[in-house]
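Visitor: I would like to learn how to read this model, feature by feature. Where do we start?

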Amino acid sequence: MAPGLGPRPRPEQQNMKDMIRTGTVERSAAGTCRVRLDDATCAGCSGRCGVGFRAPRTVIDVPGDAAVGARVEVQATCAAFVQASGLVFGLPLGMVAVGMLAVAAFDLAEGWLMAALVGGLALALGLSRRFAEPSATLLRKI
């Protein structure tokens with residue numbers, strides 16, 4: 001059996017911190033499969049994963065070997081999503097905190113606080129698109 005392909009784990013074996021989607025292999029070459037995912041969401045999800053507020057992906061390239069037309073399961077860790085969430089929410093929050101400290105310490109106008117928030121939002125949006133890395137994936141035949 002090829003690396004990355006194997007029997008489907010029992011539910012108690014699955015890491016609940018992983019995203020799992022099913023799909024069909026469209027192309028397979030050089031150890032990479034192009035998989036068309038069945039739907040835009042995982043079970044119990046709104047489907048808005050991805051960095052930079054992009055629409056959910058429906059076609060992805062996954063390392064592994066499977067025949068064209070084979071039904072597969074793609075499993076990805078949530079680590080990249082957690083990092084992206086920290087950037088998208090943490091950076092603006094941090095900028096607001098710095099703005100609040102600056103307004104209080106230097107007796108500045110409250111407009112500087114709003115400028116810090118807008119600057120944090122702009123930085124988060126720009127950085128989330130630039131440093132977006134896909135999660136490590138695992139391909140399984142189903």
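Guide: With the elements. Helices (H or I, at least four residues) and strands (E, at least two) are DSSP runs, numbered from the N terminus. The protein has two helices and five strands. This is a predicted model: local features need pLDDT of at least 70, side-chain atom pairs count only at pLDDT 80 or more, and totals for chains, interfaces and linings use all residues. Residues are numbered from 1 along each chain as its sequence is written, and side-chain values use heavy atoms, with hydrogens and water left out.

Visitor: In what order do the elements of the protein run from the N terminus on?

Guide: The order is β-β-β-β-α-α-β.

Visitor: How do I read contacts by sequence separation?

Guide: Contact means heavy atoms within 4.5 Å. Take the contacts between residues at least 6 apart in sequence: 73% of them join residues at least 24 apart. A79 lies in helix 1, residues 79-106.

Visitor: What share of the 142 residues counts as buried?

Guide: Buried means under 20% relative accessible area, exposed over 50%, and partly exposed in between (1.4 Å probe, protein chains only). By that rule, 28% of the 142 residues are buried. A79 is partly exposed, because its relative accessible area is 45%.

Visitor: And the total surface?

Guide: Accessible areas come from the Shrake-Rupley method with a 1.4 Å probe; for residues, only the protein chains shown count as cover. The protein exposes about 9,100 Å², and carbon and sulfur atoms supply 64% of that.

Visitor: How do I read a positive phi?

Guide: Most residues other than glycine have a negative phi. A30 is not a glycine, yet its phi is positive, about 50 degrees. A30 sits in the loop between strand 1 (18-29) and strand 2 (32-37). D107 also has a positive phi of about 50 degrees without being a glycine. Its place is the loop between helix 1 and helix 2 (111-130).

Visitor: Are A30 and D107 buried or exposed?

Guide: A30 counts as exposed, because its relative accessibility is 83%. D107 is exposed too, at 71%.

Visitor: With which side chain does the side chain of Q75 make a polar contact?

Guide: A polar contact is a pair of N or O atoms within 3.5 Å; within protein, one must be able to donate a hydrogen and the other to accept it, and residues adjacent in sequence count only if both atoms are side-chain atoms. The partner of Q75 is the side chain of R140, at 2.4 Å. Q75 lies in strand 4, residues 71-77. Q75 is buried, because its relative accessible area is 10%.
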